[in-house]
Structure formats: structure tokens, C-alpha cells
Amino acid sequence: MEAPTTQQQQQLPTEQQSYLDAQRAAVEAVEIGRGTLEATDRQGEQLKNASRLADQTQYALDQSSRMIRGMTWSGWVQNIFTLDVRAPSSSAIPGKPIPVEDVPPFAKTAAQAIQNYRANLTVLTACETMEQRNTCHIICQNMFDAAAVQVDQLQVDDNPTVVQQLSHELSKLHQHQKEVIQRQFKQQQQQQLKTTTATASSSILTKTPASQQQQRQDDHLDFLATNLGELHMIANSLNEQVSQHNQMMTTLEDQTDMVHEKTKTVTRKVERMTQKKSWVPPKKVFEKWISIKHIESGKYLSSELNGKLVLVGAFHPEKCVYGVWMRKSGTLFGLKNKFSNRFLGQTMLGSLSCSASNFGQREEWQADDGNWEASRLLIASAGWGNGGYLKIRLRDNAVQIVDKQKADTWCLAEVQSDLR
């Protein structure tokens with residue numbers, strides 16, 4: 001139904017003028033809602049494009065990392081026995097499943113759980129009725145939770161490439177599930193809107209009121225009911241889209257963080273490869289003395305004469321003090337304990353110890369950019385050169401190398417000392 005023109009409105013009585021004002025307000029509200037809905041659709045596409053770009057960047061970084069690793073004999077052998085980097089996919093269900101038979105034994109359970117989750121997503125996409133969609137959505141969510149538990153139990157040091165691929169595949173599948181639910185909900189709303197509009201139009205054509213005034217009242221109420229119905233649909237769609245956008249932004253934030261970490265990993269590998277191939281080793285330069293404080297417990301990282309690392313409550317002016325040594329080119333640094341006069345690093349067996357006499361590649365560390373007062377500590381040689389983060393298990397002081405999400409936060413504070 002179209003509102004009368006301004007010239008016609010001037011000839012109408014006050015009662016009908018109030019009807020037209022209300023109808024005009026309803027039409028304007030619907031137009032604003034439609035415009036807002038279109039804007040959120042465009043924003044959703046922008047977020048999807050950004051997510052695809054992040055996937056492509058991760059793929060390029062993974063390729064670069066694999067190529068750099070293949071420049072060494074050990075890396076070349078590792079590339080032979082590990083999965084190749086998979087290009088991002090734009091299919092209905094993202095990516096190709098990692099065959100369970102190609103996955104190392106420690107990750108087969110997680111890979112099978114992800115494959116089962118993928119199979120149920122195919123069923124969810126084919127659902128036609130709301131009841132089927134709700135049931136399948138609950139099943140898919142339960143299967144995602146089960147797969148997430150299996151992936152979280154994997155240890156990065158076992159095979160960081162496989163763990164990252166499984167985690168990334170699971171994240172993309174879960175994002176696809178959310179998009180399917182949103183798309184099906186939007187289709188249902190559009191169908192309900194068509195039904196509501198058709199019903200309202202039919203009632204206007206068949207109504208036979210007792211008086212002209214009743215006719216105007218019925219037409220006015222039908223007009224408002226139609227517009228209010230559309231506003232209700234628009235509000236539900238906006239609510240769903242805003243929720244979906246929040247989830248997409250969280251996923252995009254995780255992707256951005258992953259891209260940042262992989263960029264740092266590739267940079268480290270290039271830096272270490274350059275140093276290894278250089279005829280003249282880069283000169284190391286002393287920067288400052290620091291203490292390393294475990295923020296969660298408030299204790300200090302201390303080194304014993306045998307190289308063992310422990311957390312102590314009382315600050316020791318030598319055992320808890322480390323010298324920061326930088327190479328003239330690069331961002332990696334070494335930590336030399338003042339008491340033992342040894343560098344903190346990774347042994348040949350993979351454990352952490354403060355027992356190295358030289359600042360080599362197994363003694364290279366990296367902190368978070370620009371904030372040493374609350375930073376994670378990365379040992380560059382862990383995880384086949386991908387790096388791993390320092391964590392102390394408080395119940396038994398066990399030193400662990402974990403991924404970034406499980407890492408401890410440390411305060412690296414400068415201390416005064418006259419001894420190098």
C-alpha cells in the first residue's frame with residue numbers, strides 16, 4: 001500500500017492525517033532498517049574478504065617457512081616425512097579433509113573427530129525444515145566440542161605442522177557452520193515476511209467494513225501490521241548478523257594473531273639461516289642486566305650451578321639476574337645468568353637448561369614486541385625451529401615448552417649491576 005501524496009493529505013480530516021503520519025513514520029523506519037541491513041551485509045562481506053586474505057597470507061608464510069626449512073639437510077628430510085602446505089579452499093565446506101591415514105599416530109583421534117564433524121556439516125547444509133536444522137545444529141555443535149577437546153590435548157612439540165593444520169581446519173569448519181545457520185535463518189525470515197505481506201494484502205482486498213471510517217481504520221491497522229512485521233524480521237536479521245559479525249571478528253583476530261606469529265617465525269628462520277651461512281659470525285653485544293619474574297606466582301626465575309631452572313620467592317642478586325646479549329643484526333637475544341656465567345637455552349635432548357658456555361642458535365630467545373613488563377618468552381630452537389614458549393608448572397617447578405596460548409607471562413625488569 002502506498003501513502004497518499006502531500007496534496008491529497010491537505011484535504012483529509014485530522015483523524016486520517018494522524019493515520020498518514022503514523023504510516024509515514026512506519027515506512028521511514030522500514031527504509032532505515034533495510035538500509036542498515038544492507039550495510040551490515042556489506043560489512044559481513046568485507047569481514048569474509050579479510051578472512052580469506054588472512055588465509056592466503058598464512059598459506060604464503062607456511063610455504064616460505066617450508067622452503068627455508070628445506071635449505072638444510074635436516075629440514076629437507078623433515079619436509080619429506082611431513083604433510084605439504086595446503087592452499088586455502090573456496091568450496092562449500094572449506095578445505096579438503098586431512099586423510100586420517102596420513103596423520104601421525106598421536107593425532108589420529110583428533111583427525112578422525114574433525115572428519116566426523118565435517119561429514120555432519122554436509123548433512124546440516126542439506127537440511128530443509130527448521131526441526132531438521134535445529135537437531136543437526138545441536139549434533140554438529142557437540143561434535144565440534146568433542147573435536148576441540150581432542151585438538152587441545154595435542155602437544156605442539158610432537159609435530160607443530162600437523163597440530164597447526166588440524167587446529168586451523170577445525171576453526172574454519174566451525175566458522176562455516178555458523179555461516180550456514182545464519183544463511184538458513186535469513187531464508188526463513190524472508191519466507192515468513194512474504195507470507196505476512198501476502199496475508200495482509202489479501203485481508204485488505206476481501207474486507208467489507210460496515211462503514212467508511214471502519215474501512216480506514218482497518219486499512220491503517222493492516223498497513224502498520226505489515227510494516228511492523230517487516231521491522232520485526234529486520235530486527236531479528238540485524239541481531240543475527242551482529243552476533244555473526246562478532247564471531248567473525250573474533251576469528252579474524254585469531255587469524256591476524258596467527259599471521260603475526262608466523263611472520264615472526266619466518267623472520268627468525270631467515271635471520272638464523274643468514275647467520276648460519278655467513279662467513280663471519282655476527283658479533284654479540286651486551287645490552288643490560290634483567291630479572292625475570294613469573295607474574296602469576298610473583299616468583300623469580302633462578303638458575304642453579306647445575307643449570308637447573310627453578311622459581312624462588314626471594315630475589316637473589318646473582319642467581320636471579322641475567323645479562324641480555326644481542327647480535328648486531330637481528331631481534332633474537334641471549335640470556336646469560338650472572339651466577340653461573342652460562343647461557344639459558346635448549347639442550348640436545350630438547351629440555352631447557354642454563355648450561356651453555358656460548359651464545360648459539362639453541363640459546364636464542366625472543367620477547368613480545370615492545371612490552372617486556374608483561375611478555376611471553378620464546379625459545380627459537382623449539383618445535384623444529386618454529387619456536388616454543390616458556391612455562392613453569394608450579395606444583396613441581398617443571399620447565400615446559402608450550403604453545404603461545406598456554407605460555408606463562410613474565411616481567412623482564414632491568415636491574416643495576418656493575419659486572420658483566
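Residues are numbered from 1 along each chain as its sequence is written, and side-chain values use heavy atoms, with hydrogens and water left out. Because the model is predicted, local features need pLDDT of at least 70 and side-chain atom pairs count only at pLDDT 80 or more, while totals for chains, interfaces and linings use all residues.

**View 1. A salt bridge between Glu 230 and Arg 34.** A salt bridge is counted where a side-chain nitrogen of Lys or Arg lies within 4 Å of a carboxyl oxygen of Asp or Glu, and by this rule there are 14 salt bridges. In the pair shown here, the closest N and O atoms of Glu 230 and Arg 34 are 2.5 Å apart. Glu 230 belongs to helix α7 (residues 212-277) and Arg 34 to helix α2 (residues 14-69), so the contact ties together parts that are 196 residues apart in sequence; helices (H or I, at least four residues) and strands (E, at least two) are DSSP runs, numbered from the N terminus. Glu 230 is buried at a relative accessible area of 11%, whereas Arg 34 is partly exposed at 36%, where buried means under 20% relative accessible area, exposed over 50% and partly exposed in between (1.4 Å probe, protein chains only).

**View 2. A salt bridge between Arg 327 and Glu 364.** The closest N and O atoms of this pair are 2.4 Å apart. Arg 327 lies in strand β4 (residues 321-327) and Glu 364 in the loop between β7 (352-356) and β8 (365-367), so the bridge ties together parts that are 37 residues apart in sequence. Arg 327 is buried, with 10% relative accessibility, and Glu 364 is buried as well, with a relative accessible area of 0%. Elsewhere, salt bridges that share partners join Glu 31, Arg 34 and Glu 230 into one network.

View 3. Seven of the seven residues of β4 are buried, so the strand is largely enclosed by the rest of the structure. Val 321, Gly 323, Trp 325 and Arg 327 point one way from β4, while Tyr 322, Val 324 and Met 326 point the other way. Two strands pair if DSSP finds at least two bridges between them. Strand β1 (residues 284-294) runs antiparallel to β4 and is joined to it by seven bridges, with Val 321 of β4 as the bridge partner of Ser 291. Strand β5 (residues 333-337) is also antiparallel to β4, through five bridges, and here Leu 335 of β5 is the bridge partner of Val 324.
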